[in-house]
Amino acid sequence: MSRTVQFANDAALPAIGQGTWYMGESADLRQQEIAALQAGIECGLSVIDTAEMYADGGAERVVGEALQGRRDRVWLVSKFYPWNAGAVDAVEACERSLERLKTDYLDLYLLHWRGNIPLEETIRAMEKLQQQGKIRRWGVSNFDADDMLELWQEPGGEACAANQVLYHLASRGIEFDLLPACQARQLPLMAYCPLAQAGRLRRDLLTQPTLQTIAQQLEASVAQLLLAWVIRQPGVMAIPKASSVTHVRENAAALTITLSDEQLAQLDSLFPPPQSKQPLDVV
């Protein structure tokens, strides 16, 4: 059975979506990236996450091309810079994103990380964009537990529809306080870098002997195991980037993988859950 995540006032969405960080940076890869996103849509990975920051709008342009003739099948997410979080700048940033994405609305619009503009002003800007029909919902990214508490106390802050944060097997700090707080409010968390960020850490995970053994038991790859682990939590969606059709299909297959209690215990022994407050990991 495929895992899903419930967003406010919406149907349940697949618990694995498609990330686009680093897309749009190379003209040579453009058609491959478009094909990968379209393959993901065909596989049922209907959530596509992007941002104005990615390739300085280039990733949004790739997504815009991939969406042609498919917009009604996609739940589209983009993010805006903190310096664009003001009353006027947020509206203008959204309009620029919509133009690059070749669409007239976003399903979810996220503040990429917290800056110096008061949350109250950003909330009013999001409400205006909703009233204009340019966004269906708004949310935040890289907000820790204390940031979320502050947001929820602002008038209108309870309308926040999601928080997108770094979360993977080797980075479990959110499980101590942020994840329980969001689950208590039924606020979905979107996990970026669910396969661990690029570089040594990811290579170490993919070649770790116990992970390889558990993956073999599941008749899956280690990457699929890592995705299945992230989405085992209620209300957590993983948004891995996959720039090839093969990887997209592998990601989609992870939706049906279920880890046993014994396997989860093995992973806990290797990568223990936090016993105290941890600084929020950000990449």
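1. UniProt, in an unreviewed entry, lists Tyr54 under "active site"; positions from UniProt follow the numbering used here, feature names are shortened, and such annotations may be inferred rather than shown by experiment. The structure is a predicted model, in which local features need pLDDT of at least 70, side-chain atom pairs count only at pLDDT 80 or more, and totals for chains, interfaces and linings use all residues. Residues are numbered from 1 along each chain as its sequence is written, and side-chain values use heavy atoms, with hydrogens and water left out.

2. Tyr54 sits in the loop between strand 4 (47-49) and helix 2 (58-66). Helices (H or I, at least four residues) and strands (E, at least two) are DSSP runs, numbered from the N terminus. Tyr54 counts as buried because its relative accessibility is 7%; buried means under 20% relative accessible area, exposed over 50%, and partly exposed in between (1.4 Å probe, protein chains only). Neighbours within four places in sequence aside, Tyr54 is in contact with Thr20, Trp21, Asp49, Ala59, Lys79, His112 and Gln164, where contact means heavy atoms within 4.5 Å.

3. Glu60 belongs to helix 2 and is buried, with a relative accessible area of 0%. Not counting residues up to four places away in sequence, Glu60 touches Thr50, Ala51, Glu52, Ser78, Ser97, Arg100 and Leu101.

4. Tyr22 is found in the loop between strand 3 and helix 1, and its relative accessibility of 46% makes it partly exposed. Gln186 lies in the loop between helix 6 (178-184) and strand 9 (189-192); at 70% relative accessibility, Gln186 counts as exposed.

5. Gln233 is in the loop between helix 9 and strand 10 (236-238). Its relative accessible area of 19% makes Gln233 buried. Apart from neighbours within four places in sequence, Gln233 is in contact with Tyr167, Glu175, Leu179 and Gln183.

6. Helix 8 (residues 209-217) packs with helix 9 at an angle of about 85°, the axes being 9 Å apart. Axes are lines fitted to C-alpha atoms, for helices over the stretch in contact, and angles run from 0 to 180 degrees between N-to-C directions. Helix 8 and helix 9 are therefore roughly perpendicular to each other (under 35 degrees counts as roughly parallel, over 145 as roughly antiparallel, 65 to 115 as roughly perpendicular and the rest as oblique). Leu211, Gln212, Ile214 and Ala215 of helix 8 make the contact with Val222, Leu225 and Leu226 of helix 9. These contact residues divide into six nonpolar, one polar and no charged; Ala, Val, Leu, Ile, Met, Phe, Trp, Tyr, Cys and Pro count as nonpolar, Asp, Glu, Lys and Arg as charged, and the others, Gly among them, as polar.

7. In helix 10 (residues 245-253), the buried residues are Val248, Asn251 and Ala252. They lie on the same side of helix 10 because they cover an arc of only 100° around the axis, the arc being that of the directions from the helix axis to the C-beta atoms. An α-helix has 3.6 residues a turn, so residues three or four places apart point the same way. The buried residues of helix 10 pack against strand 3 (18-19), helix 1 (30-42) and helix 9 (222-230). Exposed Thr246 and Arg249 are on the face of helix 10 turned away from its buried side.
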